[in-house]
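Please walk through this protein chain one part at a time. The structure comes first, and the explanation follows it.

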Amino acid sequence: MKQILLTSLFVLTTLTSIQAQSFVKSVIDASTSIEPYTIASGHLNGDAFLDIAIGTDTGSDVTWYKNNGDGTFMDMGALSAIAPNDLSYVEGITIADLNADGNNDIIATSYVNSNVVWFENNGDETFEPAVEISGAIPGAGMVMAVNIDNDVNNYLDLVVSSYDGNKVVYFLGNGDGTFGILRDITPVVAGSQPGAFDIADYDSDGDLDVVVAFTGNGNVSVFDNKLIPDGIDGSGNVPFTAYDNNVSTGNGFLWTVSFADINDDSSLDIIKSDNSPTAVPNIAWYAKDSAGTATTFTETTVTTSISRTAMASVADFNNDTFNDLLVTNGRATDADFIWFTSDAVGGLASEIIIDDTNSAAFDIEIQDFDNDGDLDIAAVSYLQDDLALYLNDHITLSTEENTLNEITIYPNPTKNKLNFKGNFTNDLNISIYNVLGKRVMNNTIQLGQNLDVSKLNSGIYIIKFKDYNTTYKFIKQ
């Protein structure tokens, strides 16, 4: 997800009072259910702040955490999953509104019980006990909720990896929390053991394609959704066909794979992380050489200090409109979180260590959890049994003032008034914009006057002065 401020209006000048960017860690839960493996985020209680849900292996629990809106979360407890709808080793979780009632539900898979269940959201911060959607997914792992068949009602379907079944499967949704029969996206290949996958319109034809990391045979492969132009086949299946060439081969133990525009050329690439690399790099990304399923792929490797990587995620952390790369550690040794900033021509700078206190972050969520305009990181630690939040302070401003050559504004953040000083003698014509680029205030003040911003909603704003090549960000508390 990109966070781009006023791209069509004006370019922000650098603020000398913005701190050097870092991520500030806080522990949401220092003692989660045993071995937290997977994490998801979404709006679970109807407010403006993203909540978190996690699934655990040995603990076999699904727990959700309410975002309090101030950088803290409340543990809302484990959800009820009673036999025959119980869970054992929760290795997939996602958040989506399965029954179209306006409340996001929680969907979870369990590896040992080979099932996928959903917890219906009652809309009052409670959830119904687990209801099984299917118990026929051997080694059920990752799960995603998408409209794989382009349903005109946007009913969500479920896609699940079946590690022990050696395939990726899907269920077409009916829009009421029920689903059709189990159907296959990938053919069954003995020993292939699909783990991670991602879904996006890779070929820009209007339907959703799938990229899969096969841990057993070490291949990364793309499967083209042929819904457009072929349509549903005579058996009611969404047709998928494998690309002629694998994206990558020879991997030791693929941990994650995703579609992402890592080189900022407006075309989706594919990035993979190998947790047990041998002759191939652990982190690499692949650009397609031509259009169509016959394409070959060009590999670009990323050198890291982490020998056994887990997550590799692409996002714009410093709000410069270019995608950066975040990598986590899949073991106890080496740094635990590193990131690479991107430049304007698709390259990556050298790695920067974010944190070395969160061992084995097998899954992460990258979202703006504090609604301040930049992307934060929530992560589980499999070895430490905890859930942590890393708040991005990229847009954290000085509590005193912002200063450029011409004008100073203070205090920042502010609740009511903004004051101005500097080398100006005429009235100041001021325009204020929200982060979406909409002008929310226009005013003229005289020398010595302040500006009343008390009626603005809490959040980040950009202030621009007519006749001055000067713009600022400020926070309204």
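In the hairpin of β3 and β4, five residues lie between the strands, and Ser-60 takes a positive phi near 55°. The model is predicted, so local features need pLDDT of at least 70 and side-chain atom pairs count only at pLDDT 80 or more, while totals for chains, interfaces and linings use all residues. Residues are numbered from 1 along each chain as its sequence is written, and side-chain values use heavy atoms, with hydrogens and water left out.

Two strands pair if DSSP finds at least two bridges between them. Within this pairing, Ile-52 has Tyr-65 in β4 as its bridge partner. Strand β3 also pairs with β2 (residues 36-42), again antiparallel, through six bridges. There, Ile-39 stands opposite Ile-54 of β3.

How many of the residues of strand β3 are buried? Six of the six residues of β3 (residues 51-56) are buried, so the strand is largely enclosed by the rest of the structure. Buried means under 20% relative accessible area, whereas exposed means over 50% and partly exposed lies in between (1.4 Å probe, protein chains only). Asp-51, Ala-53 and Gly-55 point one way from β3, while Ile-52, Ile-54 and Thr-56 point the other way, and all are buried.

Six of its seven residues are buried, so β10 is largely enclosed by the rest of the structure. Five bridges connect β10 to β11 (residues 157-162), and these strands run antiparallel. Met-144 has Val-159 in β11 as its bridge partner.

Next come the aromatic rings. A search of the whole structure finds 18 aromatic pairs. Rings of Phe, Tyr and Trp (its six-membered ring) pair if their centres lie within 6.5 Å; planes under 30 degrees apart count as stacked, over 60 as edge-to-face and the rest as tilted. Phe-73 and Phe-369 form an edge-to-face pair, with 6.2 Å centre to centre and 70° between the planes. This pair links distant parts of the chain, 296 residues apart: Phe-73 is in strand β5 (residues 73-78), and Phe-369 is in the loop between β26 (364-367) and β27 (376-381). Phe-73 counts as buried at 11% relative accessibility, and Phe-369 counts as buried at 2%.

The rings of Phe-337 and Tyr-390 form a tilted pair, because their centres are 4.8 Å apart and their planes are at 40°. Phe-337 lies in β24 (residues 337-340) and Tyr-390 in β28 (residues 386-392), so the pair ties together parts that are 53 residues apart in sequence. Both Phe-337 and Tyr-390 are buried. Elsewhere, Tyr-37, Phe-253, Trp-255, Phe-362 and Tyr-382 form one aromatic cluster.

What sits over the ring of Tyr-202? The charged end of Lys-288 does, 4.0 Å from the ring centre. A charge sits over a ring if NZ of Lys or CZ of Arg is within 6 Å of the ring centre and within 35 degrees of the ring normal. Tyr-202 lies in the loop between β14 (194-200) and β15 (209-214) and is buried, with a relative accessible area of 2%. Leaving out residues up to four places away in sequence, Tyr-202 touches Asp-209, Val-222, Tyr-243, Phe-259, Leu-268, Ile-270, Lys-288 and Phe-297. Contact means heavy atoms within 4.5 Å.

Ser-313 is in strand β22 (residues 309-315) and counts as buried at 13% relative accessibility. With residues up to four places away in sequence not counted, Ser-313 touches Asp-324, Leu-325, Leu-326, Ile-364 and Ile-366.

Finally, the chain as a whole. Its secondary structure comes to one helix and 36 strands. Buried residues make up 55% of the 477 residues. Among contacts with a separation of 6 or more, residues 24 or more positions apart account for 48%. The C-alpha trace spans about 80 × 50 × 50 Å along its principal axes.

Methods. Helix = DSSP H or I, 4+ residues; strand = E, 2+ residues; numbered from the N terminus.
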